[in-house]
Amino acid sequence: MDTATEITEGHYQRPEVKEVILKLCSYGGGLRGLNGDEGWYSKGPGGSVKLRGPGDYDDTTARARSLYMTADVFDPKVFDLSAQWIEGRGGEGRPEFPLGTRGDLVSYSLFADIDATKEPGETGSKLYHPGRIEALEAAASFMVRYLKDRGISESVGVLFSGQGIYVWLHPSLSDVSENRALAGFDREKQDHDFKVWLEAFNALLYDIEKAFFEEYPEHVGRVKFDKLNNQKRKIKCLLSIHKTMPFAVVPLDRDDVKIDLERARLTLDGGLPSETIAEAEAWLDGWKAGEGERKALISLLKPYAAKAERDISRKANTSGEISRASEPIPILDWCPFYQALGKFPGGTGAHRVCGALAAWLYQAGWEEGDAFDLWYNVAARCDVETRIFYTSYGVINSPSCRTIQKTSAGYPSLGFGGLNLCNPNEKCEGATWPGQYGAPKKDEPKDVCVRDVCNIT
């Protein structure tokens with residue numbers, strides 16, 4: 001669906017705006033993915049797709065109101081690759097093989113997405129609810145101080161996202177270009193190392209958020225720190241227009257975080273004030289890492305990385321023993337229990353829910369990046385740390401139907417009795433675990449099956 005208008009297209013075609021965005025999307029010889037409101041891919045001949053990037057700027061801005069870039073900075077060769085598009089039920093299509101992985105990274109911009117939240121029953125933009133702007137400013141300022149106290153300052157960028165605040169770290173802190181240039185470069189090892197690195201930073205964000213709310217309890221329920229660092233993670237570009245609000249992404253003063261809505265507002269004639277664009281350009285030109293900051297970040301993340309390494313290694317040592325579907329099972333073909341988990345609102349049983357959902361996504365054949373995206377929507381509502389994904393996805397088996405229905409004292413035991421999440425229907429008949437949902441009965445021919453899931457029992 002095209003969401004661009006004459007106003008938004010005019011904004012993106014301003015030479016100074018285009019120059020800032022394209023400059024941001026290039027680092028160290030690598031390029032970020034660049035896309036619009038939906039979909040990472042551009043269509044090619046014969047049903048093939050390519051990863052959208054800076055070279056698609058004019059086409060993307062002619063279609064989309066908002067512009068998103070990847071936190072990932074990829075080897076430019078990634079954008080020359082194409083793959084056949086495989087259609088799936090419920091709009092869950094995908095390329096036949098991943099286009100852009102952690103093994104293709106030149107660098108990555110670690111970040112926190114600090115977002116305003118709504119109380120039950122509140123309507124309208126979260127930004128305008130009482131205390132939200134003050135909470136956003138306080139949370140971003142707290143994170144800036146937290147990092148500065150640990151030797152990380154100049155590399156920290158703070159931006160108004162249109163309805164929240166981004167705190168970005170300069171990509172040089174995650175630069176691996178020297179390793180990539182070595183004759184013995186190991187792509188699989190890099191994929192693993194970045195997985196550990198990103199999860200370590202997510203775990204750090206969990207501690208920063210906890211420390212913030214301990215110091216500022218008045219802001220509990222007003223903001224949240226989204227911990228989204230993962231493969232092919234998208235974030236709105238500098239100077240991108242928000243998808244619903246009349247604001248653009250603009251830099252804020254790191255040392256005095258204040259949101260000025262008028263400075264970020266898109267005017268009726270389709271533009272941002274020229275001085276706002278000039279400030280964005282100056283901010284980008286001056287954004288860099290200070291001496292010793294990379295070393296300081298490595299030191300800060302060391303204990304988190306050690307724990308992430310253990311969690312992720314558990315998967316490497318066990319996933320070969322865990323059965324898996326040969327292709328992703330669409331959500332519409334999941335059993336009622338797992339469909340209920342995908343809609344779980346939070347509360348009692350949250351850790352059990354997130355552990356079981358991550359385990360199921362692996363066995364249901366979902367690629368890690370897509371699995372994490374779906375899983376995180378639930379985990380964010382539940383305030384469950386991202387490490388639960390890595391201690392369950394490809395590490396443990398989905399519980400059996402019997403285990404699901406029994407009462408449990410809590411995670412890591414995965415009983416769900418009493419939570420009203422397992423409500424069997426006729427396709428559950430004869431199944432002893434969720435992978436058998438919809439499978440043929442013993443007296444029925446196999447082709448009666450909605451989908452062959454018997455290979456993952």
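This is a predicted model: local features need pLDDT of at least 70, side-chain atom pairs count only at pLDDT 80 or more; totals for chains, interfaces and linings use all residues.
A polar contact, as I use the term here, is a pair of N or O atoms within 3.5 Å, where within protein one must be able to donate a hydrogen and the other to accept it.

**Entry 1: Glu209**

I started with Glu209, which sits in helix H6, residues 187–215. What does the side chain of Glu209 make a polar contact with? I found the side chain of Lys227, at 2.9 Å. Is Glu209 buried or exposed? I noted it as buried, because its relative accessible area is 7% and the cut-off for buried is under 20%. Setting aside residues up to four places away in sequence, I listed what Glu209 touches: Lys224, Phe225, Lys227 and Asp383.

**Entry 2: Asp207**

I stayed in helix H6 for Asp207. Its side chain is joined to that of Tyr304 by a polar contact of 2.6 Å. I put Asp207 down as partly exposed, since its relative accessible area comes to 30%. I also looked up Asp207 against Glu385: 178 residues separate them in sequence, and their C-alpha atoms are 9.9 Å apart in space.

**Entry 3: H4 against H6**

Next I checked what packs on H6. Helix H4, residues 132–148, has an axis that comes within 10 Å of the H6 axis, and the two cross at roughly 120°. That angle makes H4 oblique to H6. I logged the crossing as right-handed. Which residues of H4 meet H6? On the H4 side I have Ala135, Ala138, Ala139, Phe142, Met143, Arg145 and Tyr146. On the H6 side I have Phe201, Leu204, Leu205, Ile208, Ala211, Phe212 and Glu215.

**Entry 4: H2 against H8**

The crossing of H2 past H8 is left-handed. From H2, the contact uses Glu16, Val17, Glu19, Val20, Lys23 and Leu24. From H8, I wrote down Ile277, Glu281, Leu284 and Asp285.

**Entry 5: cysteines**

How many disulfides are there? I count zero. I wanted to see why, so I took Cys25: its closest cysteine sulfur is in Cys237, 4.4 Å away, which is too far for a bond, given that a disulfide needs the sulfurs within 2.5 Å. Cys25 is buried, at 1% relative accessibility. Then I took Cys428, where the closest cysteine sulfur is in Cys335 at 6.1 Å, again too far for a bond. Cys428 also counts as buried, with a relative accessible area of 18%.

**Entry 6: Ile235**

Last, I looked at Ile235 in strand S13, residues 234–236. I marked Ile235 as buried because its relative accessibility is 1%. What is Ile235 in contact with, leaving aside neighbours within four places in sequence? I listed Leu67, Tyr68, Met69, Ala71, Phe111, Tyr166 and Trp168. I also noted Val167, 68 residues from Ile235 along the chain, with 11 Å between the C-alpha atoms.

Technical notes. Residues are numbered from 1 along each chain as its sequence is written. Side-chain values use heavy atoms; hydrogens and water are left out. Helices (H or I, at least four residues) and strands (E, at least two) are DSSP runs, numbered from the N terminus. Buried means under 20% relative accessible area, exposed over 50%, partly exposed in between (1.4 Å probe, protein chains only). Contact means heavy atoms within 4.5 Å. A crossing is left-handed if the near helix is turned anticlockwise from the far one by less than a right angle, and right-handed if clockwise. Axes are lines fitted to C-alpha atoms, for helices over the stretch in contact, and angles run from 0 to 180 degrees between N-to-C directions. Angles under 35 degrees count as roughly parallel, over 145 as roughly antiparallel, 65 to 115 as roughly perpendicular and the rest as oblique.
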